[in-house]
Amino acid sequence: MPFMCEHSRIDVVVVGGGLAGLAGALGLARARRSVLVLDAGQPRNAPAAHAHGYLTRDGMPPLELLSIGRAEVRGYGGEVVEGTVKSLGRLPGGGFRVGLADGNGWDARRLLVTTGLVDELPDIPGLRERWGRDVVHCPYCFGWELRDAPLGVLATSPHAAEQALMWRQWSPDVILLQHTAPGPTDEQSEQLTARGVPVVAGEVAAVEVSDDRLSGVRLRSGQVVHRRAVVVAPRFESRHALLDDLDVVVTEHPLGIGCQVQADATGRTAAPGVWVAGNLADVTAVSCRLPRPASSPRRRSTPISPPRTSTAPSRRRAPGR
Ligand SMILES: Cc1cc2nc3c(=O)[nH]c(=O)nc-3n(C[C@H](O)[C@H](O)[C@H](O)COP(=O)(O)OP(=O)(O)OC[C@H]3O[C@@H](n4cnc5c(N)ncnc54)[C@H](O)[C@@H]3O)c2cc1C
């Protein structure tokens with residue numbers, strides 16, 4: 001393992017070994033780059049029993065999908081190491097130092113960061129425990145499995161009516177739980193009525209569970225509304241903290257649903273030598289259509305930029321957040 005020793009220089013260190021990171025690593029390893037993937041082992045979809053919509057692998061458990069991906073990367077000489085990266089810094093002569101929580105470190109010419117995002121769920125007792133099982137967000141990931149089931153869309157933003165109308169495509173029994181969100185507009189009310197989606201007023205106090213299955217929600221009034229699953233709209237907080245000192249730009253998604261690291265179509269960020277992919281770059285990306293990561297780190301001819309001066313801002317955020 002020539003690039004495992006502390007101060008050897010790897011072409012690309014990939015931080016985060018979910019689907020985006022492994023896909024990038026596979027391309028890089030096949031391009032005969034030395035590549036090391038460092039992964040904390042907590043992909044976003046881990047709570048789900050199956051990953052759907054991924055052509056040729058539809059229905060496969062998410063961790064199995066990653067295990068195949070790791071084997072493919074290793075098949076071309078790429079290294080995949082378990083561990084949590086704690087620091088990323090520029091080296092005075094160019095390139096980066098990558099530090100792990102256990103004190104190990106590596107030097108890299110380029111970085112591909114694919115640390116994903118955190119789904120921030122509404123603060124309702126019992127909700128987090130059911131996440132990815134019968135508390136869901138994405139109809140393309142879960143809709144087929146929940147087809148025709150009684151569904152409750154938990155409103156936490158003005159977009160909830162649109163979400164309910166979308167889920168109506170999968171089930172004729174969808175209700176909008178108004179919870180803490182403002183009521184639908186007149187136009188939305190008309191659309192909801194036209195599609196047979198009632199609005200249930202009242203704040204949701206808890207999720208009801210029976211025999212390890214969600215059975216409904218309990219409102220503050222005490223009323224229990226029976227449902228097979230609850231649809232939520234998490235806030236998508238990209239895991240960008242590691243990059244903050246490298247001067248990337250973090251922007252709010254145009255829909256106001258979360259923040260992501262700004263990058264061009266190849267994943268190139270504002271920070272020279274740093275590429276991003278997956279949910280870190282696009283909070284709406286699902287695995288079956290992740291942005292193609294990092295073609296550019298393969299271009300060896302691009303010189304590594306000189307280190308930034310200490311006057312550089314530690315992090316830039318675009319206006320609006
Ligand atoms: C419950 C649920 C179910 C889903 N189901 C589907 C589905 O059926 N079909 C579909 O197409 N999409 C699905 N998705 C979306 C899918 O999970 C994401 O699109 C996909 O995981 C994004 O891949 P990623 O590589 O960007 O991030 P992740 O898969 O989240 O991978 C990021 C990796 O980086 C690691 N990491 C983070 N910080 C560090 C660090 N400091 N050091 C080292 N490693 C780090 C994490 O541990 C993780 O392993 C689902 C999402 C959820 C929440």
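Two residues are in contact if their C-beta atoms, placed from the backbone, lie within 7 Å. Among contacts in the protein between residues at least 6 apart in sequence, 59% join residues at least 24 apart. The model is predicted: local features need pLDDT of at least 70, side-chain atom pairs count only at pLDDT 80 or more, and totals for chains, interfaces and linings use all residues. Residue numbers start from 1 along each chain as its sequence is written.

The protein has six helices and 20 strands. Helices (H or I, at least four residues) and strands (E, at least two) are DSSP runs, numbered from the N terminus. Of the 321 residues, 38% count as buried. A buried residue has 20 or more other C-beta atoms within 10 Å of its own, an exposed one 12 or fewer, and a partly exposed one a count in between, with C-beta atoms placed from the backbone.

The ligand is surrounded by 38 residues (C-beta atom, placed from the backbone, within 6 Å). The closest are Gly 16, Gly 18, Asn 45, Gly 116 and Gly 278. Elements giving two or more residues to this shell are α1 (19-30) and β2 (35-39). The largest share, three residues, comes from α1. By type, the shell holds 17 nonpolar, 17 polar and four charged residues. Here Ala, Val, Leu, Ile, Met, Phe, Trp, Tyr, Cys and Pro count as nonpolar, Asp, Glu, Lys and Arg as charged, and the others, Gly among them, as polar. Both domain 1 (2-119 + 235-317) and domain 2 (122-231) contribute to the shell, so the ligand lies between them. The domain bounds come from an automatic or database domain assignment.

A nonpolar core is a set of buried Ala, Val, Leu, Ile, Met, Phe, Trp, Tyr and Cys residues joined through C-beta atoms within 7 Å. The largest has 47 residues, of which Val 13 and Leu 111 touch the most other members. Helix α1 supplies the largest share of this core, eight residues. A second, separate core of 26 residues includes Ile 124, Leu 154, Val 197 and Ala 229.

In helix α5 (residues 160-167), Ala 160, Ala 161, Gln 163, Ala 164 and Trp 167 are buried. They span an arc of only 160 degrees around the axis (directions from the helix axis to the C-beta atoms), which puts them on the same side of α5. Their cover includes α4 (139-142), β9 (151-154), β10 (174-177), α6 (186-194) and β15 (229-231).

Val 199 sits in strand β11 (residues 199-200). Val 199 is partly exposed, with 19 other C-beta atoms within 10 Å.
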